[in-house]
Amino acid sequence: MPDVHAKLSASGSGRWMACPGSVILEDLFEDEGSVYAEEGTTAHAVAEARLRAEFDPTDAKKRERVNVLKETTSPEMWQFTGRYVEYCKNIVETMQLDGHQARAYIEQRVRFDRWVPDAFGTVDFCAVGGDDLHIVDFKYGKGVPVNAENNSQMRAYALGFLQEMECIYDNLKTVTMHIVQPRINNISTETMPVEDLLEWADGVLKPRADKAANSTREYATGAQCKFCKAKAACRARAGYLLGKISEILGGN
């Protein structure tokens, strides 16, 4: 799995689209990581190995790697990565039952720098069949359910696949984005015409990405603050919190 991240990443797009100034502030802080992040990285590695073996069953090395992982992975992680693998398999099998030749892509590196400067990312799983594209993101966390509706990360991944594969797939009409969060039984999807996705990219994503890339000192508080590395040193957030405290005290 890649360990290099874009400055304007797909995973952080919800933050920098809402608060362009956070890009400047976050540069001042190192990513300290967490036990949960390490656990998620391990789960993704297990899921990737299982998917590769599933879609290439004749490869003995891939099968052997999965056998080793089964012995060293916790029963819980094995169970939940298995649910994700089955979900991805079902997407491909459904396409085949509909009479399409389906092709799967695992840990597909994509660029979406047509809309976001120097942006790239890695999609956990993609599948194409007929004129349909499916983008799947595996979330191992169990804290907060993640919704695929209006999810900028998922849309950026879909755009990346379209940009990267436009010479191969020039007939795609519909994209379905899936979030699979098996530890809390959360499956969320959004389906939209490719035409609408491209319109959103040009009219919403690109202008906001340009602001963030140009070090615009425009700050906004909201849900995006939760995972911002700079939230403890952010004046905008401090002002917002002080205002809330004043409201509470003033009401007593």
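**Entry 1: a buried pair**

I began with D137, which is buried with a relative accessible area of 5%, where buried means under 20% relative accessible area, exposed over 50% and partly exposed in between, with a 1.4 Å probe and protein chains only. Its partner K139 is buried as well, at 18%, and D137 forms a salt bridge with K139 in which the closest N and O atoms are 2.8 Å apart. I noted the rule for a salt bridge: a side-chain nitrogen of Lys or Arg lies within 4 Å of a carboxyl oxygen of Asp or Glu. By this rule the count comes to 14 salt bridges.

**Entry 2: what I am looking at**

I wrote down that this is a predicted model, in which local features need pLDDT of at least 70 and side-chain atom pairs count only at pLDDT 80 or more, while totals for chains, interfaces and linings use all residues. Residues are numbered from 1 along each chain as its sequence is written, and side-chain values use heavy atoms, with hydrogens and water left out.

**Entry 3: helix α5 and its links**

I then turned to helix α5, residues 75-97, whose 23 residues reach 32 Å from first C-alpha to last, close to the 33 Å expected at 1.5 Å a residue, the expected span being 1.5 Å times one less than the number of residues. Helices (H or I, at least four residues) and strands (E, at least two) are DSSP runs, numbered from the N terminus.

Which residue forms a salt bridge with K89? I found E54, with the closest N and O atoms 3.3 Å apart. This pair links distant parts of the chain, since K89 sits in helix α5 and E54 in helix α3 (residues 35-55), 35 residues apart. K89 counts as buried at 17% relative accessibility, whereas E54 is partly exposed at 36%.

The side chains of E76 and R183 also meet in a salt bridge, at 3.9 Å from N to O. E76 belongs to helix α5 and R183 to the loop between β4 (174-181) and β5 (186-193), 107 residues apart. R183 counts as buried at 15% relative accessibility, while E76 is partly exposed at 36%.

**Entry 4: the whole protein**

Last, I counted elements and found 8 helices and 5 strands in the protein. The radius of gyration is 20 Å, close to the 18 Å that the globule rule gives for 252 residues, so the protein is as compact as a globular protein of that length; the radius is taken over C-alpha atoms, and the rule is 2.2 Å times the number of residues to the power 0.38. Of the 252 residues, 44% count as buried.
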